[in-house]
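Good morning, and thank you for coming. Please look at the structure on the screen while I speak.

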Amino acid sequence: MRVEEAAALVPTPFAERIARLDADGGPSGADWVAALPHLVAEILDTWSLTLDGDPMTGHGALVLPVRGEDGVAALKLGWPHTEAGGEHLALRAWDGHGAVRLLRADPRRSLLLLERLTSEDLHGPWDEEAVAAIAGLYPQLHVDPLPQVAPLVPRVAQILSRPAAHQLPRRLVEQAGSTLRSLEADGAAARLLHGDLHYGNILSDGTDWVAIDPKPVNGHPAWEVAPLLSNRVEEMGTGASLRWSVRRRVEIVCDVAGLAEDVVRPVAALRGVVHAIWAVGDGDTERVSRSISLIKALGD
């Protein structure tokens, strides 16, 4: 494929959004986007792949349906950044059990050749059914920690120490710090986590649900639950309805995955504080308010 043809595969809105990102352990978004057509053309040729469908985009990746010597696949070209650096390691560890199967990788350039899945995710099913489906993947995904993957506790401690935390209710931040110290003391419970296990990151392979797009981290399994609360949040209503729905989702996760509610709830609240700190940094008051509402719904 010629570079000019490859450039036409990169959707303009995707390119514009990525180009605004600062470097984070790799090239800036603008530099990566500029080089992306050349990378597409090169890797299709080097790996003997042909385009087999329309391009798709995720939050930080271009995904091309392709066909190669072993049949259909999906070529993922990700913007290289710190959070996604261990994706290939986690996918290799899972080896297709509960997650998309990795066929080939060039981790230095954030290139992954993956099995082809359907486009069906877990935004459609009833939320309790979707929560149970994701929790059912935990035993397959939460394997022994990988030494090459970053630990959770130091990363979260750094976020809690940011100046933005001072703009949140002091009590919530102090509770988050206490919960984080408990996780540090319980280091033996650490497992390999997907890190971003929400409804859109679960796809059907035609038979089973499997996870995609991990942001792997080594930590307590309870950390995995919060994305099931902060996504599809509009379905839970407000006030008493929100409180009931949040607790119901937590109850389902714990029943299916065998986790303790008295651990999951404070850890989910801790992750809510992390999300609120990010939102403060972005100047997004709506996200801050939503995070605080979820935190309060998880409280006693």
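How many salt bridges does a search of the whole structure find? The search finds 19 salt bridges, where a salt bridge is a side-chain nitrogen of Lys or Arg within 4 Å of a carboxyl oxygen of Asp or Glu. Side chains of opposite charge can pair when their charged atoms come close.

Before the examples, a word on the source. This is a predicted model, in which local features need pLDDT of at least 70 and side-chain atom pairs count only at pLDDT 80 or more, while totals for chains, interfaces and linings use all residues. Residues are numbered from 1 along each chain as its sequence is written, and side-chain values use heavy atoms, with hydrogens and water left out.

Consider one of these pairs: Glu235 and Arg232 form a salt bridge at 2.7 Å, N to O. Buried means under 20% relative accessible area, exposed over 50%, and partly exposed in between, with a 1.4 Å probe and protein chains only. Arg232 is buried at 7%, whereas Glu235 is partly exposed at 41%.

Another salt bridge joins Arg287 to Asp284 at 3.7 Å, N to O. Arg287 has a relative accessible area of 25% and is partly exposed; Asp284, at 26%, is also partly exposed. Elsewhere, salt bridges that share partners link Lys76, Glu87, Asp213 and Lys215 into one network.
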